Amino acid sequence: MKVCCICGKKMSIISGSSIVEFNNKKYEMCGDCTSYRIKLNDSDLENVNKSKKFFENMIILGNAQEDALELLKAYVDKADEKIGIYKEKIEEKRVYEEHFNSIKLTSGYNFEEYRISEYYDVISSSVVIGTGMVSELSANISDFLGKECEDFSYKMDCAKGAAKNKLVKRVMEIGGNAIIGVDYDIFSIGQNMIAVSANGTAVKIENI
C-alpha cells in the first residue's frame, strides 16, 4: 500500500491522492496534504498561513520521506514569498492612501501657514454618469411635489467625489501636494447623461 510522501499516511485506491513533480522527481501525496498544497495558491492569506504552518509541522514531526524534505521546504518558501509580497502590497497601499489623504485642496488661492513654492499646471478631470430610468422617475415625482430629488442629489455627490479623486491622483502624478482654485462644472450630455468636471492648479506647498 502506498504512503503519502509528506505525512506518511497510508493511501488506498479510493482515498484520493495527487502526484507532483519536483526537481525531476515525482511525489505522491494524500488528499489532505494535497488540499494544503492547493491552498498555497489561495488569494486568502489566512489559508496560505495555514498551509505554511502545516508543512512546517510536517518537517518538525519528521513523518515525511527523506527525499521529500526539499519539497516541503520549497512549499514553506513559497508561502513566505507570497506572504511577503502581500505585506508589501499592503504597505504600498497604506503609503499611497496616506499620500492621497495628505493632498490639500481649496477653492481659494492659498493655505494658512503654508507658502506655495512651485506652480505646476492647470489640471482637470471629468466624470460622466447616466441618470437612469429610476432617477428620472424620481426626479419627475420630486418636481411634481416640489421636493428635493434625493436620487439625483446622491448621483451628483458621487460624480463630484469621483471627479475630485481623479484630480487628486493627477496632482500626485506630477509631484504636487496641493490644488488651488478648485472649481466644479456640471452640464448635461444628451437627455440622460450628466457630466461633472473638476479643475484647479496643481502646486507644491511648504510650511512657513
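These legends walk through a few views of one predicted model. Local features are described where pLDDT is at least 70 and side-chain atom pairs at pLDDT 80 or more, while totals for chains, interfaces and linings use all residues. Residues are numbered from 1 along each chain as its sequence is written, and side-chain values use heavy atoms, with hydrogens and water left out.

View 1. Helices (H or I, at least four residues) and strands (E, at least two) are DSSP runs, numbered from the N terminus. Starting at the N terminus, the order is β-β-β-β-α-α-α-β-β-α-α-β-β. Of the 208 residues, 32% are buried (under 20% relative accessible area; exposed is over 50%, partly exposed in between, with a 1.4 Å probe and protein chains only).

**View 2. Helix H2 packs with helix H3.** Here you can follow H2 (residues 45–61) beside H3 (residues 69–102), with axes 9 Å apart and an angle of about 150°. Axes are lines fitted to C-alpha atoms over the stretch in contact, and angles run from 0 to 180 degrees between N-to-C directions. The two helices are therefore roughly antiparallel (over 145 degrees).

**View 3. Ser-18 sits in strand E3.** This strand spans residues 17–22. Ser-18 is buried, with a relative accessible area of 13%. Its C-alpha atom is 6.5 Å from that of Thr-34, 16 residues away along the chain.

**View 4. Ile-189 belongs to strand E7.** Look for Ile-189 in the strand covering residues 178–189. Ile-189 is partly exposed, with a relative accessible area of 39%.

How values were computed
Parallel < 35°, antiparallel > 145°, perpendicular 65-115°, else oblique.
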